[in-house]
Each structure stands twice: as structure tokens, then as C-alpha cells.
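Here are my notes for a first look at this one. Have the model open while you read.

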Amino acid sequence: SATLGWGLGQRDGRQRLLAGSCHSSPGQEEALVFADLTPEEMKQVVMYLQENLGVPLVDASQANPSDNCIYYVDVQLPTKAEALGFLDRGGRRPPRQALAVVYFGNQTNPNVTEYVVGPLPKPTTHRDVTVRKYRGKLPYHRRPVTEKEYKDIDRFVYQEFSKAPGLLRVCCDYDETNFATLTTAPRGFQSGDRATWFVLFQNVNGSGYYLHPVGLEVLVNHSSLDASQWSISKVFYNGQYYEDMEQLETEFIQGHVKDVKVKKVQPDEEFGSMRPRAAPMAPGPLQYEPHGPRYSIQNNHVIFQSWSFAFGMDVNTGPRLFDIKFNGERIVYELSLQEALAVYGSNCPGGMMTRYMDASFGIGKFAFELVRGVDCPYTATYVDRHYLVESETPKVNKNSLCIFEQDTSVPLRRHYSNLQSLYYGGLTKYALVLRAISTLINYDYVWDFIFYQNGAIEVKIHATGYISSSFLYGIGTEHGSRVGEHTLGTMHNHLINYKVDLDVGGTKNSLVAHDMTFDTVQAPWSPEHQIQRPRLTKKVLDTEDKAVFPLHSKIPRYIHFTTNRENKWGHQRGYRIQIVSFAGDHLPEASSMERSISWGRYKLAVTKRKEEEPTSTSIYNQNDPWTPTVAFADFIDNETIVNEDLVAWISVGFLHIPHTEDIPNTVTVGNGVGFFLRPYNYFDEDPSVHSPDSIYFRSDQDPSTCEVNPVACLSKTASCSPALPSFTYNGFQNQTGP
């Protein structure tokens, strides 16, 4: 039967990949070790917990902070030793298990507890792994805020607005429906705090409300498990602070408040709208495969030419790949997104407070349906993603991953010879792309994993979506740019962290740096003259302390994982890490919350792999960054990293100073960063020589004949229009709130 819950895109009325087909591709069964949970598995875990935890569980979509509820359920991956024992050494298949995170609000000492539940599909046991995993209990105040809590906060805030009817009517034409709130984070200044600044915007229909601040922000103390005890701790309006809404209204009535009349946004407002302003024209270029896709997918396993890998989606941290092989040889055991951080600046409290750690909101959960022909090529294969978060029932984001082969429109390599012999040789740079796009409140992040014919992998992230803004007053432009009448585009730094568990020629690797220097030497044939001669420098970085590179430090131009195995020419086989980034400055280490994002200190840090250090951060760091549940800085303890199983932690990003061209949306052009994993003496020659897409012809051959040049046949073999699937989009289903 078709297992694992992967719904698949269709083309020409047929399924591209036959999930559940009895014809298994090589590696498909192995890939299931890394597969996400199926909806049925999720249901079984929920039923098991309801029957075996011994306490009443409320559906999280309805749960109050004082209730017990299941926050989320996701797959619990096996240890690397278990997985490799099965994949490489014929050992038993690791038992399939789930991770369940439970909020215990209805007990004397509320806490968050994590359980491993299994074996699946019919679980019979559960074990509490919290203390072992985090070296202590998880205090309840660290829990991520649920949608139910946000809705209750909104309800409370709108009740408070009734205490300042005069000001809100005059400043903003407030009618109890035309405001929208935007959360900030973290939520205070010390462990135990749960007080959040909420920024108020006009509730614009069909456009980005993030560009329409009204000048009002409120600090809500929602630390109590009893919502009736919540309170407004501070109010900010147009540059001034007040104790509460009553004081703001009193000061307004007495004429002490400098109010600013914000014009109500009209339905036909163009500012910030993504509605087209030009008539449609003939469709642009369309990518398609003349003979169908040249890649295959079964369940969570992909094969493309010499590549194969397993893929999945962590509900918190987003897309992840496992067991990446080239020519059947493992290059990467795990390649996974860890965190997306945005540190803002503003002269308004919400903006200056904000340090979003997006994994705590759900990078995977908010990877919504992709729009065919815009987010991905029209003929890409689209894959559904099932998840169980804040509910006892699985939900689906249809078509939330896409996979496609693309012509990058630049040759991978080529040469035209006009000296000695005359010939041309070239190779089109085709690449396979796995893509997801996460919408984290206002921002949209495009996550790409790209595979090339020469054994290189590119990991890239583009940012688009709406900027977040503050109300413009005073010296606001010291923190960004004015982009609207009352709108300050606030500066912010994006920083993205990845885990790369490279296994180059096996699990025993070392880190080697190659670079250059100039030596001044006498010319052997003319000793009275000197030459500045470049020389290759080589250094083994033998400890973790030598293998960390601060965000803006100089890094060796060639830094690579090596194995003791050699290629044909006597070089250690290796894979090079090449980073492309223009990040802003990291949060100063003097900050009381910096340790919670200490992975951001480094553009690259290489550590000895440990099963107890699976991730660089935690979803619990966002709401208690002052006592981080996971502090990446603790991973670096000067252990030897020679001939060990190593992990590279890579951070890339960009400083964004918003400008008027960010209206309505930030564009992806120039806002893409990432890194390459490139073979470095790994092969005896470029493996793309074996690509069937190579072209070669000599001056004594006719390049217009199919026998000499397959490209010459395209006018015949690719002359028919593709049979395109109908356009469908279900992305608004199951969306019950913001």
C-alpha cells in the first residue's frame, strides 16, 4: 500500500512516482528509516498517549495554559549508529518511533515533557527523555505560545482597548474590527518572564497589514496560567510610554497626547498591495521535460542521475535530507536546516525587542502549498506534508515540497578550441532542486537544495515576503528607511543555521585548510632579481577550538573534510565547504540572551559529532533565551577532530536595511545566500564526464546531425507542446486564523 503519507503531483493524468508500487527503486527501503510520520501513525500516537499518560488531555486547539495537551508529534529518528548498522552492515531495521511533546499545565509543577513513543505503527511503550536530553526539566514558561493563547491574548487586548475609546477613534477610526496584532519575541528580560509587546496595525484585507502601523503597542503580561490575571504592563503610543490604556486615555482627554491621524486604508489602496497593476500578456518561457522527468521518487527517496537521497520535513526546523549519495557512495549523512534568526532594530519597543527564532514558530509547519508555475516550475513534482501540531488530528499542507530538474541556462563547463585542432565540447548545467517555502508571519523563506552533475551540492535560501515595520516618529530613520507616510522599514539581520554531517569516504574525517601565501625568492636563472611566488599553505585543524571561524573573520579559502583514503593521484579525498554570505553583525556576547543563539557567532564551526548534540538550538530558547535549553557555545570544548565523525555547522545571512523598493514586497534578487559542498580531490577527474548530456563535435563533423549532436534533434524530439496538468490550489483550506 502507499505508505508514509506523501501525496504526489500528477502530470498527463499519471503519477510521476508510484508510491506503493511493488517495484522498489534501489535505496527506497533504506530511505524509509528517515521518513516522516504518516497520518495514521500520528493518530496511533495520540490514542496511545490519551490512554496511557494517566491524566486528562485537552485538544491543544482548545486548551488553556492551565490544561494538559499534546503540543506536537513528529518522527523520532534513530541514532546514527543504528541507522548505519542497518544501511551499511546488514543490521536490523531500527524500530520506528515518534517524539511527542506534552504541555502539563494542570499539575502542581507545570512543565513541558518530551516522550519517545513506539514502536510504530502500534505503540506499546513511552519513555520520558526530557532530563536525559536537556540535562534537566523543561520549565513551563519556556513553552512556545500556542495559537489558542494568541487568540486569548487578542481577546484580552481588544477588551483593554475599550478603555481608550476617544484616542483610538480620533487617531485610527477604531471600530473594534480594524486592528491586527503582531507578536514580538522574546518576552521579557529574565527567565520566567512571559510579557510580550504586541504591535498594532490596520487590519487590511487582501494586503500586507505589516506596512500599516498605527503607532500603538501594548506590553501584555501573560505569565499567569489564569487568563483573568493577565494585565497590560505598559503602553506605547507615538513615542511616549504610559502605564496602561486608562492613563493613555486620560492624558489624551487632557490634551497631553500628541496624536497622529492615520488615514484608514481603503479597499483599492495600492500601497503594499500585490494586486497586478498591468494587464496580463502572453505567458513567459515554460520549462518542461520533452520525455518526462529524468528523476524518480518513491515515497521519500529520490534518484537523479548519479545522486540519491532521502528527504523529510521537521515540523519545527523545516526541510532536511539524509543519506545523500553520489555513485552509491555516501557524501552526507544529514543536511538539515536548524534555525532562522531575525534581529531587529527600531526606536519603538516592539521593533527594538524583536529577535525572532523561527523554529519555535514552526518552519516546517508553516511550509504551505506551493503555487504551480510561480513558486516552482509548472511541471515540477509536488509533495504533500502531514503534521500534527496543536491538535489531536493530523493536518496536511498539500503540495508543500516541490522537486524538479532545471536548465540553469549556463554551461557547467565548455571549451571552443580555435588553436591546433578545432572542436567544441560542452555540458549543459542541469540541476535537481528540492524546494520548500515557509511563511513565518510576514517573511517568506525559499529553501533550496540543489544537486549538480559534477558531485556538488548547493544549499540556498532566498528571502521575500513583507518587511516588518514600526511607526515612524522622531529619529526613526536611524534604524531604517521611511517607506510610507507613517511607516519605518526597520533594519534587521537575517541569520540562517544549517547542520551538515559530512561523511567523506566514511565516518572518520579530518578538517584541512588550504590557502595561499607569497614567498619572495631569487629567480633561479637570474639571482639578482626577486620573484613573489605564490605557495600553497596546508594546515590540519586538529581541535574544535581551531575549527571555529567568527562570523566576520578571515576563513581559509579552501576548507574541506578529508578522509585518509586517497584518490588516484595520491591526494586525500575531500569535500570543500564554500560559503556565500553577507550577514550583518551578530548580537554582542554581552547580551544576556546571546548564548541562546551562540551558533550565530560563527560562519563555520566544526565539532565532533555527538548523539547528545543533535541540534544547534531548541524551540524552547525563544521564550527563555536567558537560560537557554540548548547553548551551541557549549559544543565547542577543544576536543580532537582528527580522524573523527565530524559535523559542520554553517551560518549564512544578510543585513537588510529596508528601502522603498521593498514595497510591496522584498524581492529574491540579491537576497540569496548559502553554501556549496564541492568535491576536492574526491574523484580522479570531474565525474560529469560521464553525464549523458555532454556535447562534443569537431570541425570535420556536421554539428547539425543528430548522430553527432543530440541538441540538433530538439526541433524534432521536443517540438510538441507539453500536456500540462490542470492548475489547482488548496492552500487556504484548514486555515482558521492568522
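1. Let's start with the second largest pocket: β17 gives its lining the largest share, five residues. Strands here are DSSP runs (E, at least two residues; helices are H or I, at least four), numbered from the N terminus. The pocket's volume is about 1300 Å³. Among its 49 lining residues, Gln 76, Lys 133, Glu 611, Pro 614 and Thr 615 are the closest to the centre.

2. A word on the basis: this is a predicted model, where local features need pLDDT of at least 70, side-chain atom pairs count only at pLDDT 80 or more, and totals for chains, interfaces and linings use all residues. Residues are numbered from 1 along each chain as its sequence is written, and side-chain values use heavy atoms, with hydrogens and water left out.

3. Confidence (pLDDT, the predictor's score for each residue, from 0 to 100) averages 93 over the chain, and 96% of residues reach 70 or more. In residues 1-23, though, pLDDT is below 50.

4. Which feature does UniProt place at Tyr 443? The unreviewed entry has "modified residue: 2',4',5'-topaquinone" there; such annotations may be inferred rather than shown by experiment. Tyr 443 sits in strand β22 (residues 443-452).

5. Is Tyr 443 buried or exposed? It counts as buried because its relative accessibility is 2% (buried is under 20%, exposed over 50%, partly exposed in between, with a 1.4 Å probe and protein chains only). Beyond four places in sequence, its contacts (heavy atoms within 4.5 Å) include His 492, His 494 and His 656.

Key. On a 1 Å grid over the protein atoms alone, a cavity is a set of points where a 1.4 Å probe fits but cannot get out, and a pocket is an open set with protein on both sides within 12 Å along at least five of seven lines; lining residues have an atom within 4 Å of a point. Grid points are joined across faces, edges and corners, and a volume is the space filled by probe spheres set on the points.
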